[in-house]
Amino acid sequence: MTSLPGDSDHSSGSAREPEPLVCARCGTRAEAPQPTWACSVENGTRYYFCDRCSRESLRAIEGRLDSAWW
């Protein structure tokens with residue numbers, strides 16, 4: 001297996017702190033990855049949505065489906 005230079009766990013640089021996740025819709029912040037959050041990649045940019053906003057979006061999508069889907 002090959003690694004890129006500086007891509008090692010033992011690199012000499014200081015460890016970067018992970019950036020907190022911020023919901024793209026309501027601005028809620030989370031310090032660690034949240035399993036209930038949704039991630040969307042749009043035009044190469046990642047957007048994260050909290051569980052509340054994800055649920056509201058999903059319900060809005062489901063509300064537009066024809067009754068044949070139910």
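Analyst: The answers below go from the overall fold to single residues, and the model is a predicted one.

User: How many helices and strands are there in the protein chain?

Analyst: The protein chain contains one helix and four strands. Their order along the sequence is β-β-β-β-α.

User: How much of the chain is buried?

Analyst: Of the 70 residues in the protein chain, 10% are buried. The accessible surface of the chain is about 6400 Å², and carbon and sulfur atoms account for 50% of that surface.

User: Which residues make up the largest nonpolar core?

Analyst: That core has six residues: Leu21, Cys23, Ala30, Trp37, Cys50 and Cys53.

User: Let us take Cys23. Is it buried or exposed?

Analyst: Cys23 is buried, because its relative accessible area is 3%, and the limit for that label is under 20%.

User: And what does Cys23 touch, leaving aside neighbours within four places in sequence?

Analyst: Cys23 is in contact with Thr28, Trp37, Tyr48, Phe49, Cys50 and Cys53. Of these contacts, Trp37, Cys50 and Cys53 are also listed in the largest nonpolar core.

User: I see several cysteines. How many disulfides does the structure hold?

Analyst: The structure holds zero disulfides. In general terms, a disulfide is a covalent bond between the sulfur atoms of two cysteines.

User: Is Cys26 buried, exposed or partly exposed?

Analyst: Cys26 is partly exposed, since its relative accessible area is 34%.

User: A new topic: charges. How many salt bridges are there?

Analyst: The structure holds two salt bridges. As background, side chains of opposite charge can pair when their charged atoms come close.

User: Which residue pairs with Arg25?

Analyst: Arg25 forms a salt bridge with Glu56, and their closest N and O atoms are 3.0 Å apart. Glu56 belongs to helix α1, while Arg25 sits in the loop between β1 and β2, so this pair ties together parts that are 31 residues apart in sequence.

User: What about the salt bridge of Arg52?

Analyst: Arg52 also pairs with Glu56, with the closest N and O atoms 3.4 Å apart. These two residues are four residues apart in helix α1, which means that about one helical turn separates them. Through shared partners, the salt bridges join Arg25, Arg52 and Glu56 into one network.

User: How accessible are Arg25, Arg52 and Glu56?

Analyst: Arg25 counts as exposed, at 52% relative accessibility. Arg52 is partly exposed at 40%, and Glu56 is partly exposed at 35%.

User: Staying with the helix, where does Ser54 lie?

Analyst: Ser54 lies in helix α1, which covers residues 51-63. Its relative accessibility is 18%, so Ser54 counts as buried.

User: What does the side chain of Ser54 reach?

Analyst: The side chain of Ser54 reaches the backbone oxygen of Phe49, at 3.2 Å. Setting aside residues up to four places away in sequence, Ser54 touches Thr36, Trp37, Ala38 and Phe49.

User: Now the strands. Where is Arg46, and is it buried or exposed?

Analyst: Arg46 lies in strand β4, residues 45-49. Arg46 is exposed, because its relative accessible area is 57%. Not counting residues up to four places away in sequence, Arg46 touches Cys39, Ser40 and Val41.

User: How far is Arg46 from Ala24?

Analyst: Their C-alpha atoms are separated by 9.5 Å, and the two residues are 22 residues apart along the chain.

User: One more: where is Glu19 placed?

Analyst: Glu19 is in the segment before β1, the strand at 21-22. With a relative accessible area of 69%, Glu19 is exposed. Glu19 is eleven residues from Ala30 in sequence, and their C-alpha atoms are 9.2 Å apart in space.

How values were computed:
Residues numbered from 1 in each chain as written. Predicted model: local features only at pLDDT ≥ 70, side-chain atom pairs only at ≥ 80, totals over all residues. Heavy atoms only, no water. Buried < 20%, exposed > 50% of the residue type's maximum accessible area, 1.4 Å probe, protein only. Contact = heavy atoms within 4.5 Å. Areas by Shrake-Rupley, 256 points an atom, 1.4 Å probe, with all protein chains shown as cover. Polar contact = N/O pair within 3.5 Å; in protein donor to acceptor, adjacent residues only side chain to side chain. Core = buried A, V, L, I, M, F, W, Y, C linked by side-chain atoms within 4.5 Å. Disulfide = S-S within 2.5 Å. Salt bridge = Lys/Arg side-chain N within 4 Å of Asp/Glu carboxyl O.
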